[in-house]
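The following note is intended for a colleague who is meeting this structure for the first time. Please read the numbered points alongside the sequence and the model.

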Amino acid sequence: MKVLYISHDARLYGAPKSLLECVRGIKKKGIEPIVVMPSAGGLQMELDRSKIENVIIPYYSCVYLGEYRAKDYAKYIWTNYKAVIRIMRLIRKERIELVHTNSLAVSVGAVAAYLMKIPHVWHFREYLKEDFGFKRLNEGTVRKLVRNSKCCIAIAEGIERKYREEYGIKPVRLYDGIECESYEYPVDLEENVKETPELLIAGAISEGKGQWDAVRAVEILVNRGREVHLSIVGNGAPAMLKALKRYVRRKNLTEYITIRPFTSKLQKLRIQSTIVLVCSKMEALGRVTAEAMLAGKIVIGTDTGGTLELIGKNEERGYLYRYDHPEELAKKIEYVLLNRQEVIKKEKQAQLFIKNLTDMDHYTDRMLQIYKKAVIK
């Protein structure tokens with residue numbers, strides 16, 4: 001079976017990284033994948049390295065932030081019209097049997113599949129409004145395309161519930177498969193001997209990702225005389241990045257906080273860390289959380305969305321705090337540093353839990369079942 005995958009982004013962040021691992025795994029099961037993306041980037045480089053066919057076709061997302069002017073909308077319509085035509089030609093040329101769109105943020109693949117009368121599968125990976133503050137273009141059209149899709153896949157319980165209610169559909173809940181061997185690392189039993197505990201927060205720098213919570217929590221701890229070091233890793237909004245750096249300098253925190261750009265070699269930093277922070281206002285699931293658990297690192301995260309789902313309502317596999325309450329985060333960090341034996345137990349539980357939840361073999365088997373059922377229909 002030939003499947004055409006549509007990525008909303010070419011940068012190797014959460015959703016594209018999950019797509020990459022999915023197509024690598026499903027190729028071993030006999031599927032012939034072709035990946036379409038809107039530009040060059042890290043995703044294309046990794047696909048080339050894995051010898052997976054890919055095509056760049058420029059198009060825009062069907063969501064936006066802030067204001068959307070008339071000239072922006074005209075550009076969106078014209079660019080995406082041309083993209084749909086090119087995708088349709090690719091479907092015809094390659095004899096594609098099914099189109100799989102990897103994000104609700106892009107609709108060109110769904111439109112092309114609808115016009116070509118072939119099955120479409122839509123992956124729901126984000127809340128859109130609650131996690132990123134996005135507004136949607138052409139809500140009526142997207143609603144029709146969603147209902148016309150043969151299957152909609154929700155990556156977590158909260159996502160499944162939201163779109164079941166919003167669109168009146170029955171999404172299939174399927175947690176992402178992860179190449180666990182790339183991230184798994186033994187729980188560090190000797191971590192308590194480190195002179196300065198290392199904290200890590202990784203992801204796109206934006207208001208919703210909670211870097212301010214992490215910075216202010218460190219400020220609280222330093223003012224109490226607690227020695228810690230925080231690494232903030234990621235690219236993002238220039239204004240916020242500038243504001244973070246200015247605040248760190250003004251509060252004399254440069255010794256305790258390091259801000260560095262996104263790196264594909266995050267595993268090395270993760271292994272060196274004592275605690276991984278996931279301070280997002282709302283995560284659909286949270287790949288960063290899953291990767292940290294696989295690496296045997298304790299996670300302190302917000303009590304919302306997928307972060308809550310992975311850590312557990314009773315903090316079975318980590319620790320929780322309320323978003324925008326850095327004093328609570330500071331208390332949880334201090335608690336983790338003072339209760340190493342309890343933390344080790346949770347790290348082991350989290351690692352086992354996430355390995356079972358994200359098993360790639362099980363994931364690709366389920367995906368194959370979804371494809372076969374969609375094509376038969």
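**Notes on the structure**

1. The lining of the second largest pocket comprises eight nonpolar, two polar and six charged residues. The model discussed here is a predicted one. The volume of this second largest pocket is about 280 Å³. Its lining has 16 residues, and those closest to the centre of the pocket are K150, C151, C152, K170 and V172.

2. Which elements give two or more residues to the lining of the second largest pocket? They are α6 (139-148), β8 (151-154) and α15 (360-376). Of the elements, α15 gives the most to this lining, with five residues.

3. The largest cavity holds about 40 Å³ of space. Its lining is formed by A110, A113, Y114, I118, H120, L145, N148 and S149. By class, these lining residues divide into five nonpolar, three polar and no charged.

4. In soluble globular proteins, nonpolar side chains tend to be buried together. In this model the largest nonpolar core has 42 residues, and W122, F124, V146 and I159 have the most contacts inside it. Helix α11 (residues 287-294) gives the most to this core, contributing four residues. There is also a second, separate core of 33 residues, which includes A214, V215, L230 and M240.

5. Helix α8 is mostly covered, with 10 of its 13 residues buried. The buried residues of α8 are Q211, W212, D213, A214, V215, A217, V218, E219, L221 and V222. Among them, A214 and V215 also belong to the second core. Just after α8, G225 takes a positive phi of about 90 degrees.

6. Two residues other than glycine call for attention because most such residues have a negative phi. K51 has a phi near 55 degrees, a positive value, and is placed in the loop between α2 (42-49) and β3. Its relative accessible area is 70%, over the 50% cut-off, and therefore K51 is exposed.

7. The other is N252, whose phi is also positive and near 55 degrees. This residue is found in the loop between α9 and β12. N252 counts as exposed because its relative accessibility is 62%.

8. T254 is placed in the loop between α9 (238-250) and β12 (257-260). Is T254 buried or exposed? With a relative accessible area of 53%, T254 is exposed. The C-alpha atom of T254 is separated by 9.9 Å from that of L230, a residue 24 positions apart from it along the chain. L230 is itself included in the second core.

9. N54 lies in strand β3 (residues 53-56). Its relative accessibility is 15%, and since buried means under 20%, N54 counts as buried. Which side chain makes a polar contact with the side chain of N54? It is the side chain of D48, at 2.9 Å.

10. S18 counts as buried because its relative accessibility is 3%. The side chains of S18 and D176 are joined by a polar contact of 3.3 Å.

Definitions and conventions:
Residues numbered from 1 in each chain as written. Predicted model: local features only at pLDDT ≥ 70, side-chain atom pairs only at ≥ 80, totals over all residues. Heavy atoms only, no water. Core = buried A, V, L, I, M, F, W, Y, C linked by side-chain atoms within 4.5 Å. Buried < 20%, exposed > 50% of the residue type's maximum accessible area, 1.4 Å probe, protein only. 1 Å grid on protein atoms, 1.4 Å probe; cavity = no way out; pocket = protein on both sides within 12 Å on 5 of 7 lines; lining within 4 Å. Points joined across faces, edges and corners; volume = space filled by probe spheres on them. Nonpolar A, V, L, I, M, F, W, Y, C, P; charged D, E, K, R; others polar. Polar contact = N/O pair within 3.5 Å; in protein donor to acceptor, adjacent residues only side chain to side chain.
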